[in-house]
Amino acid sequence: MATQDLTSNAAVSGGTEKDLSGGTQRTSALGATTVTGATGASQPAATRGKTSIADVVVVKIAGMAAREIPGVYDMGGGLSRTIGAVRDRVPGGRPNVGRGVKVEVGERQTAIDLDIVVEYGVPITDVAHDVRENVISAVERITGLEVVEVNVAVNDIRLPDDDTADTGGETRVE
């Protein structure tokens, strides 16, 4: 059964594409609708074309937002943190802000999974709550995507005596 869109005078039915006065409206079988911009000089500039956001953009935003929260010591699992530590020591290497972040990005929504390491003594549930709020706020504000979920996995805890700096040992390289 087709429905009539009164604002554009176009009929839209499930799984079809219809012309909307210079733009295109796509409706999937699930009912999700995406409107892409119109073409032509007579259309407003803001409606011409389509904006797509790459996964890496959401990864970086979420990684930066999670690291802003007090109590988050590091991000990623054990192996990724080890590899990241090696990369950070290489001259010219930059820290990977996306370490410990996995995302799924659709046309209008995103889901985010975070692996974090917390400082000893901070309430883990409070840190996870703050991380979740900050990540959702940053991603939605910057990208305009709706964040449907943020899953926080605490993989490790940093103890006060976990300093890995060796001050008195021999070094192999000078």
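Mentor: Gladly. Read along the sequence, the chain runs β-β-β-β-β-α-β-α-β-β-α-β, with 3 helices and 9 strands in the chain. Helices (H or I, at least four residues) and strands (E, at least two) are DSSP runs, numbered from the N terminus. This is a predicted model, where local features need pLDDT of at least 70, side-chain atom pairs count only at pLDDT 80 or more, and totals for chains, interfaces and linings use all residues. Residues are numbered from 1 along each chain as its sequence is written, and side-chain values use heavy atoms, with hydrogens and water left out.

Trainee: What makes R99 and D74 a salt bridge?

Mentor: The term asks for a side-chain nitrogen of Lys or Arg within 4 Å of a carboxyl oxygen of Asp or Glu. The closest N and O atoms of R99 and D74 are 3.2 Å apart, so the pair meets that definition. R99 sits in the loop between α2 (78–89) and β7 (101–105), while D74 is in strand β6 (residues 72–75), 25 residues apart. Both R99 and D74 are buried.

Trainee: How many salt bridges does the structure hold?

Mentor: It holds 3. Another joins K102 and D115, with the closest N and O atoms 3.4 Å apart. K102 lies in strand β7 and D115 in strand β8 (residues 109–119), so this pair ties together parts that are 13 residues apart in sequence. The side chains of R158 and E119 also meet in a salt bridge, at 3.6 Å from N to O. Here R158 is in strand β9 (residues 146–158) and E119 in strand β8, 39 residues apart.

Trainee: Why is R158 called buried, and why is E119 called partly exposed?

Mentor: Buried means under 20% relative accessible area, exposed over 50%, and partly exposed in between (1.4 Å probe, protein chains only). R158 has a relative accessible area of 16%, so R158 is buried. E119 is at 26%, so E119 counts as partly exposed. D115, at 17%, is therefore buried. Of the 174 residues of the chain, 29% count as buried.

Trainee: Which residues gather in the patch of negative charge on the surface?

Mentor: They are D55, E104, D113 and E149. Asp and Glu count as negative, Lys and Arg as positive, and His and the chain ends are not counted. Patches are made of residues with over 30% relative accessible area and no salt bridge, like charges being joined within 9 Å and nonpolar side chains (Val, Leu, Ile, Met, Phe, Trp, Tyr) within 5 Å. D55 lies in helix α1 (residues 55–67). At 39% relative accessibility, D55 counts as partly exposed.

Notes: Accessible areas come from the Shrake-Rupley method with a 1.4 Å probe; for residues, only the protein chains shown count as cover. The place of a charge is taken as NZ of Lys, CZ of Arg, CG of Asp or CD of Glu.
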